[in-house]
Amino acid sequence: MMEYIFEQIIILPHTGRFMNKNMQYFLLVLLIITGCTSHTKEQIKIATTTRSLGEVYMAQGNHIAALKELTNAEKIMPDDPFLQYDLGLVYLACEKYEPAEMHLKKAISLKEDYTAAMNSLGVVLMKQKKWDGAISLFRETADNLLYATPHYPLSNMGWAFLGKGDLMGAEASFKKALKAKPDFINAIHGLATTYLAQGQAHLSRQLLDRSILKYPDAPILHADLARTMEALGDLKMAKKSWQQVIRLAPDSELAEEASRHMNSCLQQW
């Protein structure tokens with residue numbers, strides 16, 4: 001970013017020679033301070049615009065361009081919590097978890113009630129398998145009555161418990177998320193996964209049969225149902241569900257998984 005330097009030219013009237021030196025010095029300092037304040041405000045305005053541009057690149061998935069703009073903005077306003085949050089999200093998307101953790105922690109230190117940053121920091125810790133730290137953050141976020149979307153940290157907490165191997169904690173968290181938002185597919189997926197891990201495939205099937213009636217175009221739910229039917233030994237129904245996954249999301253990782261499972265099923269028939 002180009003930096004502009006404005007030279008202050010101070011012109012005193014002829015009577016200025018009769019002013020005492022202290023008064024001249026005071027006027028000089030006052031003009032310099034005024035000039036610096038104006039320049040700082042202009043810099044912050046430019047930095048804010050740069051941050052907004054970085055957020056546009058983030059939304060487009062252009063993380064390299066986003067990081068460039070946000071880093072430039074940070075040079076001018078390093079103590080902006082929203083900028084630190086944006087940087088944390090970009091590093092998270094790039095799977096650079098240590099700098100993501102650093103920036104999100106700074107965002108929270110600058111704005112203690114920054115629940116969105118707490119939830120995102122929990123995700124970063126979860127990616128690093130720091131389960132207890134993640135669970136603590138998710139719980140704190142979900143317990144904040146001013147947080148409008150508690151189903152996000154509750155569902156995230158379920159995944160953290162699942163990663164930790166605490167299936168009871170996972171089940172309870174996903175159920176709380178679904179109580180807060182019954183149509184939250186991430187939590188439905190999490191609860192079905194938990195039921196399968198508990199060896200309760202019949203509960204997973206009941207949950208998924210109900211959910212797919214409401215959300216027939218959700219490929220992850222069909223994938224969960226396919227895994228459930230495999231666990232129940234019904235390979236024919238499992239194949240139908242995997243076919244639905246391929247139909248709904250043909251170029252996805254889920255479709256690749258579906259193809260592998262279908263090939264495996266063919267070998268067993």
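I began with Ala-187 and listed its contacts, leaving aside neighbours within four places in sequence, and found Ser-155, Phe-174, Ala-177 and Leu-178. I note here that the model is a predicted one. Ala-187 lies in helix α9, and I looked up its accessibility next: at 0% relative accessibility, Ala-187 counts as buried. I also took one C-alpha to C-alpha distance from this residue, to Lys-175, which is twelve residues apart from Ala-187 in sequence and 7.7 Å apart from it in space.

I then stepped back to the whole chain. I counted 13 helices and zero strands, so I wrote the pattern along the sequence as α-α-α-α-α-α-α-α-α-α-α-α-α. Of the 269 residues, 38% count as buried.

Next I turned to helix α10, which runs over residues 201–214 and has 14 residues. From its first C-alpha to its last, α10 reaches 20 Å, and I compared this with the expected span at 1.5 Å a residue, to which it is close, at 20 Å. Which residues of α10 are buried? My list holds Ala-201, Ser-204, Leu-207, Leu-208, Ser-211 and Ile-212. Looking down the axis of α10, I saw that its buried residues fall within an arc of 125 degrees, so they line one face of the helix. When I asked what covers the buried residues of α10, the answer included α9 (185–197) and α11 (219–231).

Why does Ser-204 count as buried? Its relative accessible area is 0%, and the cut-off for buried is under 20%. Not counting residues up to four places away in sequence, I found that Ser-204 touches Ala-192, Tyr-195, Leu-196 and Thr-228. With Thr-228 I also found a polar contact of 2.8 Å, which joins the side chains of the two residues. Ser-211, which has its place in helix α10 as well, counts as buried at 7% relative accessibility. Leaving aside neighbours within four places in sequence, I listed Ile-188 and Leu-221 as the contacts of Ser-211.

Last, I looked at the nonpolar cores. The largest one has 53 residues, and I noted that Ala-117 and Phe-138 touch the most other members. Helix α5 (residues 115–127) gives the largest share of this core, with seven residues. For Ala-117 I wrote down contacts with Tyr-85, Leu-104, Ala-107 and Ile-108, again leaving aside neighbours within four places in sequence.

Note on methods
Residues are numbered from 1 along each chain as its sequence is written. This is a predicted model: local features need pLDDT of at least 70, side-chain atom pairs count only at pLDDT 80 or more; totals for chains, interfaces and linings use all residues. Side-chain values use heavy atoms; hydrogens and water are left out. Helices (H or I, at least four residues) and strands (E, at least two) are DSSP runs, numbered from the N terminus. The expected span of a helix is 1.5 Å times one less than its number of residues. Buried means under 20% relative accessible area, exposed over 50%, partly exposed in between (1.4 Å probe, protein chains only). The arc is that of the directions from the helix axis to the C-beta atoms. Contact means heavy atoms within 4.5 Å. A polar contact is a pair of N or O atoms within 3.5 Å; within protein, one must be able to donate a hydrogen and the other to accept it, and residues adjacent in sequence count only if both atoms are side-chain atoms. A nonpolar core is a set of buried Ala, Val, Leu, Ile, Met, Phe, Trp, Tyr and Cys residues joined through side-chain atoms within 4.5 Å.
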